[in-house]
2 protein chains.
Amino acid sequence: MTAALPSATRRLDQSRIRGIVNTLWLVNGQPTGIDPADRGLAYGDGLFETMAASDGRIRWLDLHLDRLEEGCRRLEIPAPSRSLLTKEIEAHCPRKGRVVVKLIVTRGPGVRGYPPPESPTPTRVLAISQWPDYPDSYYRHGISVRTCGLRLGENPALAGIKHLCRLEQVLAQLELRGQPVQQGLMLDASGAVAQGTSSNVFIVAGGELATPSLARCGIKGVMRRVVLEACRALDIRAEERDVAPAELLGADEVFMTNALFGIWPVTELDGRRFGVGATTERLMTHLGYGHA
Amino acid sequence: MTAALPSATRRLDQSRIRGIVNTLWLVNGQPTGIDPADRGLAYGDGLFETMAASDGRIRWLDLHLDRLEEGCRRLEIPAPSRSLLTKEIEAHCPRKGRVVVKLIVTRGPGVRGYPPPESPTPTRVLAISQWPDYPDSYYRHGISVRTCGLRLGENPALAGIKHLCRLEQVLAQLELRGQPVQQGLMLDASGAVAQGTSSNVFIVAGGELATPSLARCGIKGVMRRVVLEACRALDIRAEERDVAPAELLGADEVFMTNALFGIWPVTELDGRRFGVGATTERLMTHLGYGHA
């Protein structure tokens, strides 16, 4: 079956975007809707990045684009050029203040059915939203975390990349609804620690760091990479390996990371209390978090 | 963070839809684009059904709507009413000829982040496309199948329902590119048989049917249910259970099913040849396939 597909691109009222609403949406550089034939919608056939921007500059932009390119390579989606993406982000990111910049890249429109088009035309979706303003206490006094019942399915072919198939995280969030916690802890199908609902997790035990290797599932966060590189710079031993839930409960320090909030100490996990540890504080200071 | 979201709904040129292109797209009953904030795009947070229509009637419509409702229940998406969906399909399905009707139901638009909105407004996407016109030989002489290297991740919370997170099937199709096969066979992470790339799989051995139970992964197809019910009517013993790859190679008959093509005998699997078996033919005759 072949089909010429309708382009669903129509201009939205730009004033509506810049005015009432607090998210600016651009699809392939234009303020329009998504083609209903887009494979990002049909099959989760795409990737995304969520980035912190300050005064028009994206923090860790190169690392975000590295991960996006790695995801495109693994899914065989032609990666949009870094210069195009950078130019598009810079053109729309406010010069002053902090915002969240989310970029979705899909395989683009296709005819019905799983087989991807021979020559895909990827879709870029850029969303610029207001900064969440995380409470200062999360940095100073830490966050509360519950272990979710739902476990992450394991598929090495999809592990590590930030693809669009995220129903597991959505169901985990449904579990946490109404609970006074800032992250859920997700285990993998084998029962090992995988990640936070929207973060990566680190433990400190005997002065050494460990974080799940994420070879079977989970997302290798940009902040996770930044922390691992900081450990090398600070001469802190850090390992990517399997981490058992009991190791978390027995750790000296636990912290979670993502590219928006940076580093949050975990001071309560399923009722077990932790202090804000010296190694966690050292990394936070080194990377400029928690002193806002 | 709260955000009033831009509505991405703009009318497409209706003549373009009905004229040049061969897929009619409707979003919430209107010929428009998808809101870029839709969680179906952001997270694969939704479900779909692909249905066969003849002369304005959907075959197995009740079973498709049953599965959609079960999926909505499990994902906690408010299910659109059956009468609304039926009315919408009937209003747009051509009165004459065969078409494919695809329905996507997502949790609708949301603000950035995995936590679903408290009161979601689901999005309905209806796509009416031309019928694939499967070769008659697939029914008479069977199809060729290769086992894919990629295995399905296992998650009982998502098993059985037809959700939008389908990158595994997309990657499996990438593996099969250029190969002269009509379906790929997908195993689960445990190494058991799960499904075809876009079908369910049955074996016949000693006059008895077996099909994977799909408790850990895979989609419980409407045609799979129809075949299991036909077995009861025809007094053929059929079991839903774990099926090992070796059982397929050792089976008397193998066939695959989906709601569009119905039943296809498998006459070659990874080089092993099968005949078109008597039980497969009996089911095809009973259900009206292969005599077009």
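In this predicted model, R177(A) has a relative accessibility of 42% and therefore counts as partly exposed. The partner of R177(A) sits on the other chain: R177(A) forms a salt bridge with E76(B), with 2.6 Å between the closest N and O atoms. The pair joins two chains, because R177(A) lies in the loop between α6 (167-176) and β7 (183-187) of chain A, while E76(B) lies in the loop between α3 (61-75) and α4 (82-92) of chain B. E76(B) is likewise partly exposed, since its relative accessibility is 42%.

The arrangement of the two chains comes next. Two copies of a chain are related by a rotation about an axis and a shift along it. Here, chain A is superposed on chain B by a rotation of 180° with 0.0 Å of shift along the axis, and the RMSD is 0.0 Å. That is the relation of a two-fold axis. Of the interface residues of chain A, 97% are also interface residues in chain B, so the copies meet through the same surface.

Salt bridges are also found within the chains, and the count over all chains comes to 42. Side chains of opposite charge can pair when their charged atoms come close. One example is the pair formed by D136(A) and R140(A), whose closest N and O atoms are 2.5 Å apart. Both residues belong to helix α5 (residues 136-140) of chain A, where they are four residues apart, about one turn of the helix. D136(A) counts as partly exposed because its relative accessibility is 31%, and R140(A) falls into the partly exposed class at 48%.

R237(B) pairs with E208(B), and their closest N and O atoms are 3.3 Å apart. With a relative accessibility of 54%, R237(B) counts as exposed, whereas E208(B), at 37%, is partly exposed. Back in chain A, a network of salt bridges links D62(A), D66(A), E69(A), R82(A), R225(A) and E229(A).

The largest nonpolar core has 102 residues, and the members that touch the most others are L75(A), V101(A), L75(B) and V101(B). The surroundings of V101(A) can be followed in detail. With neighbours within four places in sequence left aside, V101(A) is in contact with E49(A), T50(A), M51(A), A53(A) and I58(A), and also with I89(A), C93(A), L126(A), A127(A) and I128(A).

Two residues of chain A finally deserve a look for their backbone. Most residues other than glycine have a negative phi, and most peptide bonds are trans. W60(A), a residue other than glycine, has a positive phi near 60°. W60(A) is placed in the loop between β3 (57-58) and α3 (61-75) of chain A. At 22% relative accessibility, W60(A) counts as partly exposed, because buried means under 20%. D235(A) also is not a glycine, and its phi is positive, near 60°. The loop that holds D235(A) runs between α7 (222-234) and β11 (238-241) of chain A. D235(A) counts as exposed, because its relative accessibility is 73%.

Note on methods. Residues are numbered from 1 along each chain as its sequence is written. Chains are lettered from A and ligands numbered from 1 in the order in which they are written. This is a predicted model: local features need pLDDT of at least 70, side-chain atom pairs count only at pLDDT 80 or more; totals for chains, interfaces and linings use all residues. Side-chain values use heavy atoms; hydrogens and water are left out. Buried means under 20% relative accessible area, exposed over 50%, partly exposed in between (1.4 Å probe, protein chains only). Copies are superposed by least squares on the C-alpha atoms of residues with pLDDT of at least 70 in both. Contact means heavy atoms within 4.5 Å. A nonpolar core is a set of buried Ala, Val, Leu, Ile, Met, Phe, Trp, Tyr and Cys residues joined through side-chain atoms within 4.5 Å. A salt bridge is a side-chain nitrogen of Lys or Arg within 4 Å of a carboxyl oxygen of Asp or Glu.
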